Amino acid sequence: VIPQLIIPLKTALNTRIPNVMIRVMKVLQKLVRADDGLEGGSLIGQALVPYYRQILPIFNIFINKNKNIGDNIDYGQQKEENLGDLIHHTLQLLEKRGGEDAFIN
């Protein structure tokens, strides 16, 4: 099932539309967390590892896309709508749940 999801996820990320990318990041996070608490957990995270080369390059373009609002309060943080922070969080999840081979790919 994972290989069938990669092309639509990659296509959505390649639109480079921030709202679409935010949705895809949240979907990836939910997908990786889906097998938490199950026997042998993190299998989905490990299954995504071979597809990192297709998904991650677009992350690199937007990883520093943070809002510079000075000392004001950004209420979008609560909703996880800051693209740069969301990319960092998604990468941390993929790293944690990807198993031993996460760094190789």
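# Questions at the model

Guide: Start with Phe-59, which sits in helix α5 (residues 57-62). The model is predicted: local features need pLDDT of at least 70 and side-chain atom pairs pLDDT 80 or more, while totals for chains, interfaces and linings use all residues. Numbering starts from 1 along each chain as its sequence is written, and side-chain values use heavy atoms, without hydrogens or water.

Visitor: Why is Phe-59 called buried?

Guide: Its relative accessible area is 2%. Buried means under 20%, exposed means over 50%, and partly exposed lies in between (1.4 Å probe, protein chains only). So Phe-59 counts as buried.

Visitor: What is the C-alpha separation of Phe-59 and Leu-13?

Guide: It is 8.5 Å. Along the chain, the two residues are 46 residues apart.

Visitor: Ile-61 is in helix α5 too. What makes Ile-61 partly exposed?

Guide: Its relative accessibility is 48%, so Ile-61 counts as partly exposed.

Visitor: How many helices and strands does the protein chain have?

Guide: Six helices and zero strands. A helix is a DSSP run of H or I with at least four residues, a strand a run of E with at least two, numbered from the N terminus. Along the sequence the pattern reads α-α-α-α-α-α. The chain has 105 residues, and 35% of them count as buried.

Visitor: How do you know how α2 runs relative to α6?

Guide: Look at the angle. Helix α2 (18-33) packs with α6 (residues 83-97) at about 20°, and their axes are 10 Å apart. That makes α2 roughly parallel to α6. Angles under 35 degrees count as roughly parallel, over 145 as roughly antiparallel, 65 to 115 as roughly perpendicular, and the rest as oblique. The axes are lines fitted to C-alpha atoms over the stretch in contact, and angles run from 0 to 180 degrees between N-to-C directions.

Visitor: What makes α1 roughly antiparallel to α2?

Guide: Helix α1 (residues 2-13) meets α2 at about 155°, with axes 9 Å apart. That angle makes α1 roughly antiparallel to α2.

Visitor: Which hand does the crossing of α1 and α2 have?

Guide: It is left-handed. The crossing of α2 and α6 is left-handed as well. In such a crossing the near helix is turned anticlockwise from the far one by less than a right angle; clockwise gives a right-handed one.

Visitor: Which backbone nitrogen does the Asp-35 side chain reach?

Guide: That of Leu-43, at 2.6 Å. Asp-35 itself is in the loop between α2 and α3 (43-48).

Technical notes
A polar contact is a pair of N or O atoms within 3.5 Å; within protein, one must be able to donate a hydrogen and the other to accept it, and residues adjacent in sequence count only if both atoms are side-chain atoms.
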